[in-house]
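Student: Before we use the terms for this model, I would like to see each one checked against its cut-off.

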Amino acid sequence: MDGLKAPDKPFGIPKLLVMEAWEKVRTNKGAPGVDAVAIEEFEEDLRGNLYKIWNRMSSGCYFPPPVRMVEVPKPQGGIRVLGVPTVGDRIAQTVVAMVLEKKVEPIFHPDSYGYRPERGAIDAVGRCRERCWKYDWVIDLDIKAFFDSVPWDLMLKAVGSVCELPWVLLYVKRWLAAPLQRADGVLIERTAGTPQGSAVSPVLANLFMHYAFDTWLDRSFPGIGFERYADDAVIHCRSLAQARAVLAALEARMDSVGLRLHPDKTQIVYCRDANRKGSFEHTRFTFLGYEFRERTVEGRNGLFRSFSPAISNKALKRMGKVVRPWRLHRWVQGEVQDLADWINPVVRGWMQYYGAFNKSALFPFLKRINAYLVRWLRGKYRRLRRSWAATFRAWWSGVDRNPRFFAHWVWMPKPARVW
């Protein structure tokens, strides 16, 4: 797989680019597509499979197969449709995504945080917190069915404006039109949108919103700050009048680019705290799993009331739905090390994300996990069943010996306050 282009191919796609795309797909893993070929099976004839992708893409005759349709229930109700491409199609999409990312990254707005290198959701939440302290009003923005509604003509126009390579535009056009395939084999033709789950969708979504939202807001309302993560955004305003004016203009703008603001989820919010008096219909909002509202926080000079983020109740409920089916107290066949290896990666991920701001809001949930673990300990060792105090001492002597054995032990308060 050398990096030289074949002289008889119409499109100069380096073989090394296909190899790099494969490495990304293999690292990200993922489920099989409609052909039921897993990554391990694809790798059995890796050289031949990669050559086939490169040859077809370079010749202009690569046509994506249908995308496997997966329906996932939304936490707030309804169904989110995800598309799972085949392994080979994910590689081809990653080739185009890598090329596009190099073109668009230099022009993207600094307040765009989704699916970009060295940026993430925590950065967006942190910046939002800073602006909420500075500005009194927020527009909590929700675009209805964004990934199902994006107009193809405007998407292709956006791609063409940043990339002069004809094969990139050709394959983006084909991927947009690739049908979804249900579990029963029925194909569903699509006329708009880009399926969530595809490798090229994130950069396409960012590019579309760059022109539909970021640059438009800068041009129409200079000085207005915002944070955007894909189609999820927050806009900061100095006054209620300004917020209403921006929201009215934004509704018209979204309509002009084929999108629509969700009428029930888009709202103006007053960032009320100790220094901001008065009342308003909405005084809290949720952004990227964090709920922003007035709360008591600890500062340099002690406790004070601030408009700050902490893990949202919806996020806590989702985490609870993950933990309950574990049924830890009944998993008595394994040893404690097996238990730690099982739950630590999940719990550590929650702590790293939701503990970035006001981590004490996570403590009650982590105590619940401890309660499950104590029940497991009493079920595993008969000698501890008669005495809760004995279980307690055994548990916390383990904490003293190895306070990082379970990931959440690092944050646990003093033993006397846990139970």
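**Terms and values**

Tutor: This is a predicted model. Of the protein's 419 residues, 48% count as buried, and its secondary structure comes to 15 helices and 11 strands.

Student: Where is Asp89, and is it buried or exposed?

Tutor: Asp89 lies in helix α4, residues 87-104. Asp89 is buried, which means that its relative accessible area is under 20%.

Student: What makes you say that Asp89 has no salt bridge?

Tutor: The nearest side chain of opposite charge, Arg90, is 8.5 Å away. A salt bridge needs a side-chain nitrogen of Lys or Arg within 4 Å of a carboxyl oxygen, so Asp89 has none.

Student: Why is the pair formed by the side chains of Asp89 and Trp175 called a polar contact?

Tutor: The distance between them is 2.8 Å. The cut-off for N or O atoms is within 3.5 Å, so the pair qualifies as a polar contact.

Student: Which residues does Asp89 touch, leaving aside those up to four places away in sequence?

Tutor: Asp89 touches Tyr62, Pro64, Pro65 and Trp175.

Student: How do you know that β4 and β5 pair?

Tutor: Strand β4, residues 180-181, is joined to β5 by 2 bridges in the antiparallel sense. Leu180 has Ile188 in β5 as its bridge partner.

Student: What makes β2 and β5 edge strands?

Tutor: The open sheet has the order β2-β1-β4-β5, with mixed pairing. Strands β2 (79-84) and β5 (187-188) each pair on one side only.

Key: Residues are numbered from 1 along each chain as its sequence is written. This is a predicted model: local features need pLDDT of at least 70, side-chain atom pairs count only at pLDDT 80 or more; totals for chains, interfaces and linings use all residues. Side-chain values use heavy atoms; hydrogens and water are left out. Two strands pair if DSSP finds at least two bridges between them. Helices (H or I, at least four residues) and strands (E, at least two) are DSSP runs, numbered from the N terminus. Buried means under 20% relative accessible area, exposed over 50%, partly exposed in between (1.4 Å probe, protein chains only). Lys and Arg count as positive and Asp and Glu as negative; His and the chain ends are not counted. A polar contact is a pair of N or O atoms within 3.5 Å; within protein, one must be able to donate a hydrogen and the other to accept it, and residues adjacent in sequence count only if both atoms are side-chain atoms. Contact means heavy atoms within 4.5 Å.
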